[in-house]
Amino acid sequence: MPLYFHKKTNHLELSIWRVEEDLSTLYGLLGTLKYEYKELAEEQFNSDHRCKEWIATRVLFHQMMGTAFRISYNENGKPRIEGTPLIQLSISHTKGYVAMITSTYAEVGIDIETFSPRIEKVINRFTSEMESPPTTLLVDDYRKYYIVMWSAKETLFKMNGVNNVDFQNDIRIVPFQIKGKGELSTTSTLYENGKKYQMVNYQMFPTFVLTWAMDNREQLFNIEG
């Protein structure tokens with residue numbers, strides 16, 4: 001199981017795993033949990049692709065957390081760790097990769113997005129004029145700019161775990177220059193008590209971008225402000 005990327009701080013741990021194993025090998029990596037998860041996967045999914053993605057997620061989870069815990073989901077589809085509300089969890093997938101983040105400090109979100117020209121067809125659906133790229137942005141970075149922006153909004157959406165989010169109006173990203181890695185300044189109206197300023201981290205890889213965030217509840221401010 002090749003761990004492609006790993007980061008650990010005092011407050012969070014995140015990993016990216018490049019999934020190169022076939023489904024049979026993945027089951028073997030689960031050890032004593034193999035038959036439990038094999039039955040669950042076959043009950044839920046008809047395709048080997050979905051089974052593989054689901055099982056790969058559990059393999060990475062147990063490598064990070066041990067075998068004592070299980071993943072479950074709340075009514076909005078947000079993943080959580082059964083038996084321990086003290087540890088927060090977020091998960092993302094893209095072609096051939098699984099990304100996961102945990103924290104004992106605050107809610108977290110993570111997203112991983114493959115670079116693809118398809119982003120150009122949906123730009124107007126999730127961005128506003130205020131989020132247009134700076135005029136100094138290199139032409140070659142135009143597509144990546146919007147993929148990073150989409151990924152950052154996905155990360156905030158996953159962190160908040162709410163439904164019916166309008167990416168164009170509920171989450172705003174301050175225009176930025178593309179770098180190898182950095183922080184994005186954002187505001188969102190996904191909170192009952194107001195609008196919130198939130199930083200989202202990003203890191204570029206050869207075929208995809210990774211974004212992640214940890215909730216900053218002290219950054220809540222009045223929506224009129």
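User: Which residues does Glu42 touch, not counting those up to four places away in sequence?
Analyst: Contact means heavy atoms within 4.5 Å. Residues up to four places away in sequence are left out for Glu42. That leaves Tyr27 and Cys51.

User: From which number are the residues of each chain counted?
Analyst: This is a predicted model: local features need pLDDT of at least 70, side-chain atom pairs count only at pLDDT 80 or more, and totals for chains, interfaces and linings use all residues. Side-chain values use heavy atoms, with hydrogens and water left out, and residues are counted along each chain, as its sequence is written, from 1.

User: Is Glu42 buried, exposed or partly exposed?
Analyst: Glu42 sits in helix 2, residues 34-44. Buried means under 20% relative accessible area, exposed over 50%, and partly exposed in between (1.4 Å probe, protein chains only). Glu42 has a relative accessibility of 46%, so Glu42 is partly exposed.

User: How far apart in space are Glu42 and Ala56, C-alpha to C-alpha?
Analyst: In sequence, Glu42 and Ala56 are 14 residues apart. In space, their C-alpha to C-alpha distance is 14 Å.

User: Is Thr102 buried or exposed?
Analyst: Thr102 belongs to strand 6, residues 97-103. The relative accessible area of Thr102 is 7%, so Thr102 is buried.

User: Which residue of strand 6 is the bridge partner of Leu89?
Analyst: Strands are DSSP runs of E, at least two residues long; helices are runs of H or I, at least four; both are numbered from the N terminus. Strand 5 and strand 6 run antiparallel and are joined by seven bridges. Leu89 is bridged to Thr102.

User: How many residues of strand 7 are buried?
Analyst: Strand 7 has seven residues and is largely enclosed by the rest of the structure. The buried residues number six.

User: Which residue of strand 11 stands opposite Gly109?
Analyst: Strand 7 covers residues 108-114. It pairs with strand 11 (residues 208-214) in the antiparallel sense, over seven bridges. Opposite Gly109 stands Ala213.

User: Which element gives the most to the lining of the largest pocket?
Analyst: A pocket is an open set of points on a 1 Å grid over the protein atoms alone, where a 1.4 Å probe fits, with protein on both sides within 12 Å along at least five of seven lines; lining residues have an atom within 4 Å of a point. The largest pocket has 21 lining residues, with Tyr73, Gly77, Lys78, Pro79 and Ile91 nearest its centre. Helix 3 (48-65), strand 5 (88-94) and helix 5 (142-160) each give two or more. With five residues, the top contributor is helix 3.

User: How many residues of that lining are charged?
Analyst: Asp, Glu, Lys and Arg count as charged; Ala, Val, Leu, Ile, Met, Phe, Trp, Tyr, Cys and Pro as nonpolar; the others, Gly among them, as polar. The lining of the largest pocket holds seven nonpolar and eight polar residues. Its charged residues number six.

User: How many residues lining the second largest pocket are nonpolar?
Analyst: Among the residues lining this pocket are Thr94, Glu113, Arg118 and Trp150. Strand 7 and helix 5 each supply at least two. Three are polar and three charged, while the nonpolar ones number four.

Key. Two strands pair if DSSP finds at least two bridges between them.
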